Amino acid sequence: MTRRPKRITIICEGYEEFDYLMALLRLGLWDGQYSVRIKNAKSLTNIPPVYQNEFQNDNSDLIVAFCDTEMPPYEQFRLVCSKIDRFHDKKVSRHIVYFSNPCTMQVQLSHFGKVSLETNSKHRNAPLIRELTGVDNYRARDEQRRLINKQLTAENYYEMKNRLEHMSRDFKVRPSTNFITLLNYLENPDPSWVDRIAKKL
């Protein structure tokens with residue numbers, strides 16, 4: 001008997017995250033045990049209501065979020081986590097909210113080299129983005145996002161993962177990310193982690 005793929009919805013903060021996650025999905029490196037859907041919340045503050053709506057509609061076996069921490073004191077990021085915790089009436093955000101500090105570009109550039117971003121400012125990060133990707137004067141325009149994501153390959157995906165393994169997973173540290181945990185889950189041919197997390201909610 002063929003087992004139905006586990007349905008995973010990843011709610012992301014905005015267009016940069018959406019395009020990046022879609023590019024990763026197209027690489028075809030995640031296990032066939034999962035049917036992954038990416039949903040764009042279009043802002044960090046929209047993640048909790050979008051999460052609540054998705055959860056109540058019961059369209060997925062598990063819903064997770066992927067977002068920036070922004071800069072200290074991380075008020076909006078903390079609020080996202082606390083609203084999800086309040087919705088479930090228990091502290092569960094640590095199991096389902098995946099972050100990158102200071103921003104997703106920290107993860108994305110890790111495909112191309114070892115980076116340690118100090119800011120989420122596109123203006124200040126633009127020289128490094130140009131150096132690593134060839135995309136000049138980065139402002140997150142559609143074409144610029146497309147040009148960077150076209151350069152993602154299976155080879156630099158695993159290079160990115162290796163770099164993330166050595167990065168802090170404490171959201172108060174810059175840079176840091178726990179995104180590697182989600183990537184490892186999605187590559188795991190044993191989908192029991194989905195039910196394990198879902199039972200905590």
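A salt bridge is a side-chain nitrogen of Lys or Arg within 4 Å of a carboxyl oxygen of Asp or Glu. The model is predicted, so that local features need pLDDT of at least 70 and side-chain atom pairs count only at pLDDT 80 or more, while totals for chains, interfaces and linings use all residues. Residues are numbered from 1 along each chain as its sequence is written, and side-chain values use heavy atoms, without hydrogens and water.

**Exercise 1.** State how many salt bridges the structure holds, and describe the one between aspartate 61 and arginine 4.

*Solution.* Step 1: the structure holds 14 salt bridges. Step 2: in the pair of aspartate 61 and arginine 4, the closest N and O atoms are 3.0 Å apart. Step 3: aspartate 61 lies in the loop between helix H2 (47-57) and strand E3 (62-68), and arginine 4 in the segment before strand E1 (6-12), so the pair ties together parts 57 residues apart in sequence. Helices (H or I, at least four residues) and strands (E, at least two) are DSSP runs, numbered from the N terminus. Step 4: Arg4, Arg7 and Asp61 are linked in a network of salt bridges.

**Exercise 2.** Determine whether glutamate 54 and lysine 39, which meet in a salt bridge, are buried, partly exposed or exposed.

*Solution.* Step 1: the N to O distance of this salt bridge is 3.9 Å. Step 2: buried means under 20% relative accessible area, exposed over 50%, and partly exposed in between (1.4 Å probe, protein chains only). Step 3: glutamate 54 has 5% relative accessibility and therefore counts as buried. Step 4: lysine 39, at 28%, counts as partly exposed.
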